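Please look over the fold as a whole before turning to single side chains.

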Amino acid sequence: MELSTIMLCLFASFLSILLFKSLIKPFFFSSKGRQLPLPPGTMGLPYIGETFQMYSQDPNVFFATKIKRYGSMFKSHILGYPCVMISDPEAAKFVLNKAQLFKPTFPASKERMLGKQAIFFHQGAYHANLRKLVLRTFMPEAIKDKVSNIESIALSCLKSWEGKMITTFLEMKTFTFNVALLSIFGKDENLYGEALKRCYCTLERGYNSMPINLPGTLFHKAMKARKELAQILAQIISTRRNMKQDHNNDLLGSFMSEKAGLTDEQIADNIIGAIFAARDTTATVLTWIVKYLGENPSVLEAVTEEQESLLRGKEESGEKMGLNWSDTKNMPVTSRVIQETLRIASILSFTFREAVEDVEFQGYLIPKRWKVLPLFRNIHHSPDNFKEPEKFDPSRFE
């Protein structure tokens with residue numbers, strides 16, 4: 001196998017292991033008996049707000065213009081909701097880490113497709129329990145045994161590309177989907193992989209559709225696929241219970257453990273949610289990495305040398321050539337390339353949170369039910385946070 005192919009395999013494997021209506025209100029609101037101002041900004045027309053202004057140009061330019069005029073926190077009204085936009089790193093961390101104050105929100109169609117019991121739509125003890133179960137599955141001890149399997153998936157993907165013109169993003173989606181199935185179902189993914197993939201791809205196409213459940217609509221097709229997906233998951237769960245085997249190293253096993261205390265519906269909703277969370281984001285990062293390496297020969301050369309050095313070390317010591325856990329801890333250049341890609345590509349420009357109560361922050365009021373948007377791309381591309389932010393420079397993470 002060509003060295004460049006092995007290098008890409010190791011690189012992709014390593015990344016996969018490291019693995020988110022209201023009209024204008026008065027300007028002042030009352031909070032605990034005190035009058036607090038809303039953040040500065042404009043709200044546009046009633047209901048429509050500033051949605052057209054945002055999407056008639058690059059949304060990131062829209063946000064940057066607002067930041068220049070109003071500062072790192074400002075109000076607006078987009079997509080039918082009053083919003084507070086945040087471009088300060090510490091403020092963004094506050095919003096993202098205070099689940100008791102700010103809950104994630106999704107379109108109604110996505111909530112119905114993922115399932116109402118999915119972690120994204122909950123707070124409090126239930127959310128905390130699910131988070132603990134998910135994290136347990138991706139601790140180093142659980143991941144170590146999967147490294148060779150992930151490498152095998154990468155090698156299989158690379159072999160399927162030989163002699164073909166490929167669409168990188170679509171192929172990376174296939175790769176990340178297979179890795180996700182391995183992490184969720186362990187060895188069982190070989191038994192159900194194709195059926196799960198077929199149903200999920202149909203479901204995925206309806207995520208952002210209008211929730212109109214009429215024959216022929218994307219939503220209707222997606223909901224049918226969702227029902228079939230739930231039936232497949234029920235079969236897998238039933239088979240595991242009957243066999244009484246230990247599957248604690250995969251996510252489904254973690255969810256099914258007696259200590260987890262989850263119903264079958266809760267398990268199914270959260271398995272579908274895990275596939276949703278794992279697939280597109282990781283595939284997008286991999287695709288941008290290929291792009292940036294292609295555009296920066298010196299960086300590609302450094303990554304290649306790092307991978308070649310690992311291979312030479314194995315050859316000289318007589319060690320087995322396959323990727324192992326310790327190898328992934330000795331890829332500092334590769335790791336910096338991933339970090340810089342996450343920064344400069346900013347695959348999520350922003351995300352939605354919703355204030356679950358009136359929140360006082362930095363002298364302003366964020367009213368209950370208002371949307372709060374941490375502006376990731378503007379944070380990552382601010383010269384206040386990163387020197388020459390438009391330059392692809394992995395060395396900034398040394």
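Which phenylalanines do ring pairs link into a cluster? They are Phe-62, Phe-63, Phe-350 and Phe-352, where rings of Phe, Tyr and Trp (its six-membered ring) are taken to pair if their centres lie within 6.5 Å, and planes under 30 degrees apart count as stacked, over 60 as edge-to-face and the rest as tilted. This is a predicted model, in which local features need pLDDT of at least 70 and side-chain atom pairs count only at pLDDT 80 or more, whereas totals for chains, interfaces and linings use all residues. Residues are numbered from 1 along each chain as its sequence is written, and side-chain values use heavy atoms, with hydrogens and water left out.

The protein has 17 helices and nine strands, which are DSSP runs numbered from the N terminus (helices: H or I, at least four residues; strands: E, at least two). Of its 398 residues, 48% count as buried, a term that means under 20% relative accessible area, while exposed means over 50% and partly exposed lies in between (1.4 Å probe, protein chains only). The accessible surface comes to about 20,500 Å², and 55% of this belongs to carbon and sulfur atoms; such areas come from the Shrake-Rupley method with a 1.4 Å probe, and for residues only the protein chains shown count as cover.

In all, the structure holds 11 aromatic pairs. One of them joins Phe-94 and Phe-102 edge-to-face, at 6.1 Å centre to centre and with 75° between the planes; Phe-94 is partly exposed at 24% relative accessibility, whereas Phe-102 is buried at 2%. Tyr-292 and Phe-392, by contrast, form a stacked pair, with 4.7 Å centre to centre and 15° between the planes. Because Tyr-292 lies in helix 13 and Phe-392 in the segment after helix 17 (376-380), this pair ties together parts that are 100 residues apart in sequence.

Thr-341, in helix 16 (residues 332-345), is buried with a relative accessible area of 1%. Leaving aside residues up to four places away in sequence, Thr-341 touches Val-285, Trp-288, Ile-289, Tyr-292, Ser-346 and Phe-392, a contact being heavy atoms within 4.5 Å.

The largest has 41 residues, of which Phe-185, Leu-196, Leu-203 and Ile-271 touch the most other members. Among the elements that give two or more residues to this core are helix 9 (168-185), helix 10 (189-204) and helix 13 (264-295), and helix 11 gives the most, with eight residues. Ile-271 touches Ile-184, Phe-185, Leu-233, Leu-251, Leu-252 and Phe-255, again not counting residues up to four places away in sequence. Apart from this core lies another, of 15 residues, including Leu-38, Ala-91, Ala-355 and Phe-361.

Turning to the surface, Phe-52 lies in helix 2 (residues 51-55) and counts as exposed because its relative accessibility is 60%. Together with Leu-45, Tyr-47 and Ile-48, Phe-52 forms a nonpolar patch with about 440 Å² of accessible area.

Terms used. Patch = residues over 30% accessible without salt bridge, like charges linked within 9 Å, V, L, I, M, F, W, Y side chains within 5 Å. Salt bridge = Lys/Arg side-chain N within 4 Å of Asp/Glu carboxyl O. Core = buried A, V, L, I, M, F, W, Y, C linked by side-chain atoms within 4.5 Å.
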